[in-house]
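Here is my note on this model. Please keep the structure open as you read the points.

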Amino acid sequence: MAGFFQAAEIAEAAVTIEQQGQAFYVNAAQAAKNPDVKDFFLFFAKEEARHEQIFQQLKDRLGKVELPAWSTTEEYGMYLRALIDSHSIFSPELQKRLAEAASENEAVRLAMGFEKDTILFFMEMKELVPDSEKKFVQQCIDEERSHLRQLSKMLA
């Protein structure tokens, strides 16, 4: 029999990721010298704030969810904790690297790493929420993918 996990805990981690992402983009905007780049980062900060609200509402609706049959509560919990802990947004070095970024391109590359880590986390999260909630997580995944494409275009 599969174990159960508090999906609200995963949604809370998503809220925190989005809050940290918003702070990252605000800091990146403040450091940007090019007005277009500054506006670009401020747009992403607003997007992260919007995602935060989506996950906050999701958290309020979720309870326990069944874990994948191949897993145990402890094993899957450790995996999810590792995903969160390894997320670049929680690295103490990230803000330092952003502050010391030699160019706006370097800041964009840091943002791309953040977006990729977020996509991976949300893809796992989508597997844990009830079917009725998957569309909200998928919407955020799609938007994070769009952010990654936009950041990539900015480097070009």
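1. First, a term. Helices here are DSSP runs of H or I, at least four residues long, numbered from the N terminus. Helix α3 covers residues 73-86, and leucine 80 has its place there. Bear in mind that this is a predicted model.

2. Is leucine 80 buried or exposed? Buried means under 20% relative accessible area. Leucine 80 has 2%, so it counts as buried. Phenylalanine 121 is 41 residues away from leucine 80 along the chain, and their C-alpha atoms are separated by 8.1 Å.

3. Now the whole chain. The protein chain has 6 helices and 2 strands. Along the sequence they follow the pattern β-α-α-β-α-α-α-α. The chain has 156 residues, and 45% of them count as buried. Take the contacts between residues at least 6 apart in sequence: 81% of these join residues at least 24 apart.

4. Next, check helix α5, residues 104-128. Its 25 residues, at 1.5 Å a residue, should span 36 Å. The end C-alpha atoms are 37 Å apart, which agrees. At the start of α5, look at serine 103: a side-chain oxygen comes within 3.4 Å of the backbone nitrogen of asparagine 105.

5. Glutamate 115 also deserves a look. This residue lies in helix α5. Glutamate 115 is buried, yet it has no salt bridge. How far away is the nearest side chain of opposite charge? That is arginine 145, at 10 Å. Beyond its neighbours within four places in sequence, glutamate 115 is in contact with Tyr25, Glu48, Glu144, His147, Leu148 and Leu151.

Note on methods. Residues numbered from 1 in each chain as written. Predicted model: local features only at pLDDT ≥ 70, side-chain atom pairs only at ≥ 80, totals over all residues. Heavy atoms only, no water. Expected span 1.5 Å × (residues − 1). Polar contact = N/O pair within 3.5 Å; in protein donor to acceptor, adjacent residues only side chain to side chain. Buried < 20%, exposed > 50% of the residue type's maximum accessible area, 1.4 Å probe, protein only. Lys, Arg positive; Asp, Glu negative; His and termini not counted. Salt bridge = Lys/Arg side-chain N within 4 Å of Asp/Glu carboxyl O. Contact = heavy atoms within 4.5 Å.
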